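The sequence and structure follow.

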Amino acid sequence: MSFTQECRKEADSIWEESFHHPFIQELTEGTLSFDQFRYYVLQDSYYLSHFARVQSFAGAKAEDLETTSRLAAHAQGTYQAELGLHETFAKELGITEEEKNVFQPSPTAYAYTSHLYRSALLGDLGMIISSLLPCYWLYYEIGQRFKDYTPGVAIYEEWINTYGSEWFKSLVEEQINRLDQLAEKSTPKQRQAMKETFLISSQYELKFWEMAYTLESWNKKEQTTS
Ligand SMILES: Cc1ncc(C[n+]2csc(CCO)c2C)c(N)n1
């Protein structure tokens, strides 16, 4: 079994919880409220802007120029494809400049991006890719699993289609192969740390749905559970 298959297997129960989370279930059925989706879009834009910076750190830590350039292309992809998608959503959901100006990251968005920066600061390339890979791979599996669903809400359909696309598949496969190659050159202790990082990102992916579903806030009293 390859290193990434081992990681995927150990994360399986956490990923299953993501697939069955009410945020995903309701999004794919078309019953998710726009309040919850709009909250998700705002927090996810914050997440993505930091994700692209961590991808760039990964590029800086690569030991060959080709990998540096590929990871820079991934950071650009995050900017163009993902943030572009969010811009469309923001328009369709009527998210205003004012809302963007008063935006504050939620505890989970802040903690998850801090986890990514931690891997970038303390880890080598293998550690950084381990922290980033669940973001790609989990969304790809969601895209595949739900690609035949028609929620009947244009923005939800667009969201599902993005992650089930061939373009996205090639990015995920590239990162999986990269991590397997890096794992082969790593010591058992390093591989253990990489696996832990992969599992923590998987946990944060799950918490991210819960954060949006409950409109998480720093102040418990403001938080509403729908
Ligand atoms: C919380 C959260 N996790 C993962 C993604 C998906 N995603 C973000 S960047 C990237 C790499 C290629 O652009 C992928 C797959 C998301 N949007 N939000």
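## Annotated domain

UniProt, in an unreviewed entry, places the feature "domain: Thiaminase-2/PQQC" at residues 9–214; UniProt positions are given in the numbering used here, feature names are shortened, and annotations may be inferred rather than shown by experiment. Over residues 9–214 the chain is 83% helix and 0% strand, with the end C-alpha atoms 28 Å apart. Helices (H or I, at least four residues) and strands (E, at least two) are DSSP runs, numbered from the N terminus.

## Basis of the model

This is a predicted model, in which local features need pLDDT of at least 70, side-chain atom pairs count only at pLDDT 80 or more, and totals for chains, interfaces and linings use all residues. Residues are numbered from 1 along each chain as its sequence is written.

## Ligand shell

The ligand is surrounded by 14 residues, and the closest are T78, C135, Y136, Y139 and F208. A residue is near a molecule or strand if its C-beta atom, placed from the backbone, lies within 6 Å of it. At least two residues of the shell come from each of α4 (34–61), α5 (65–92), α8 (125–145) and α11 (188–213).

By class, the shell has 9 nonpolar, 2 polar and 3 charged residues. Ala, Val, Leu, Ile, Met, Phe, Trp, Tyr, Cys and Pro count as nonpolar, Asp, Glu, Lys and Arg as charged, and the others, Gly among them, as polar.

## Contact of α7 with α8

H115, L116, S119 and A120 in α7 meet M127, I128, S131 and L132 in α8 (contact: C-beta atoms, placed from the backbone, within 7 Å). The residues of this contact of α7 with α8 divide into 5 nonpolar, 3 polar and no charged.

Methods. Two residues are in contact if their C-beta atoms, placed from the backbone, lie within 7 Å.
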